[in-house]
Amino acid sequence: MHIAASAIAGRDALGFLTKAARKAQRLVVCRSARSIWFYRTLKDPIKPVQPGMDVEMVFLAEDKSGLIAWLKENSRSFPWIYIEKEVESALANGHIFGCVRRNDEIAGYVKIGIGPTYIHDFGRTIRFPDGVAFIYDTFVAPEYRGKRIGLYAVSGALNHLKRAGFKGVWCHIEEWNCASLKTFMRAGFTEASRIRFMRVLGMPLYIRGDGRPMMKLEPLLEARGRASYNRGQ
Ligand SMILES: CC(C)(COP(=O)(O)OP(=O)(O)OC[C@H]1O[C@@H](n2cnc3c(N)ncnc32)[C@H](O)[C@@H]1OP(=O)(O)O)[C@@H](O)C(=O)NCCC(=O)NCCS
């Protein structure tokens with residue numbers, strides 16, 4: 001009887017300690033998904049893309065209100081397409097939204113960050129170097145998928161940025177997202193680094209694929225841009 005009671009007490013104590021350790025870990029480290037960072041120099045030619053249906057693409061720099069209203073409305077089905085802080089950052093920093101339309105309907109879009117850009121996965125703002133843009137969200141409505149509209153939108157964005165004098169473009173894609181990986185690799189993006197983001201005691205920490213930790217992402221973004229310019233890409 002005495003042995004059984006102390007075994008139960010021991011199990012309770014172990015359960016309590018395990019729960020406490022898990023809670024402490026959650027407070028100390030908060031992880032987000034791993035993503036692959038891709039870079040695309042705009043010195044390389046951009047292949048023309050013929051989408052599988054008639055669509056047109058417009059670029060919204062000043063007035064993005066129509067697309068923003070559509071994002072808000074459709075965020076009931078796709079919550080990540082309308083993030084308030086992301087929209088505020090886009091409006092405050094003159095980001096460009098490329099909108100693909102079929103007749104009067106929105107078929108998809110590409111959001112392009114310039115300079116300071118709020119990244120929802122990190123919950124913070126990253127400043128991109130001058131002359132380098134960042135595609136932070138690409139979306140094709142489900143009924144239009146599989147018709148190369150995503151690739152058409154990304155290539156359209158690259159052409160638009162090249163004409164505007166940009167030298168390169170970054171994007172980041174979660175490792176599981178095959179459709180998106182295919183789209184961006186077909187558009188000429190190449191892998192620059194795999195990044196795991198975590199917060200340790202509230203401080204951001206980025207772990208590169210080679211295991212090296214970084215407190216900031218900006219030096220990586222700048223170094224890659226410089227390396228591409230130096231190689232004449
Ligand atoms: C990623 C995305 C923009 C691609 O757009 P798309 O116009 O469907 O792209 P494509 O027609 O060129 O197809 C690319 C790949 O998507 C996949 N795909 C094709 N039809 C699809 C469909 N109906 N539903 C889902 N994926 C499909 C296929 O793997 C295809 O590759 P394949 O040509 O070798 O078969 C689109 O799938 C999307 O909006 N996904 C949800 C949002 C998202 O993940 N955005 C990217 C964030 S980084």
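**Questions about a hairpin and a helix pair**

Modeller: The hairpin of β9 and β10 has two residues between the strands, and L201 takes a positive phi near 50° there. This is a predicted model, where local features need pLDDT of at least 70, side-chain atom pairs count only at pLDDT 80 or more, and totals for chains, interfaces and linings use all residues. Residues are numbered from 1 along each chain as its sequence is written.

Colleague: How do you know that β9 and β10 pair?

Modeller: Strands (DSSP runs of E, at least two residues) pair if DSSP finds at least two bridges between them. Six bridges join β9 (190-200) to β10 (203-208), so the two strands pair, and they run antiparallel. One example is M198, whose bridge partner in β10 is L205.

Colleague: Now the helices (DSSP runs of H or I, at least four residues). Why are α4 and α5 called oblique?

Modeller: Their axes, lines fitted to C-alpha atoms over the stretch in contact, come within 9 Å and cross at roughly 45°. Under 35 degrees would be roughly parallel, over 145 roughly antiparallel, and 65 to 115 roughly perpendicular; the rest is oblique. Therefore α4 and α5 are oblique to each other.

Colleague: What makes the contact between them?

Modeller: G150, L151 and V154 of α4 meet T183, F184 and R186 of α5, contact being C-beta atoms, placed from the backbone, within 7 Å.

Notes. Axes fitted to C-alpha atoms, helices over the stretch in contact; angles between N-to-C directions. Contact = placed C-beta atoms within 7 Å.
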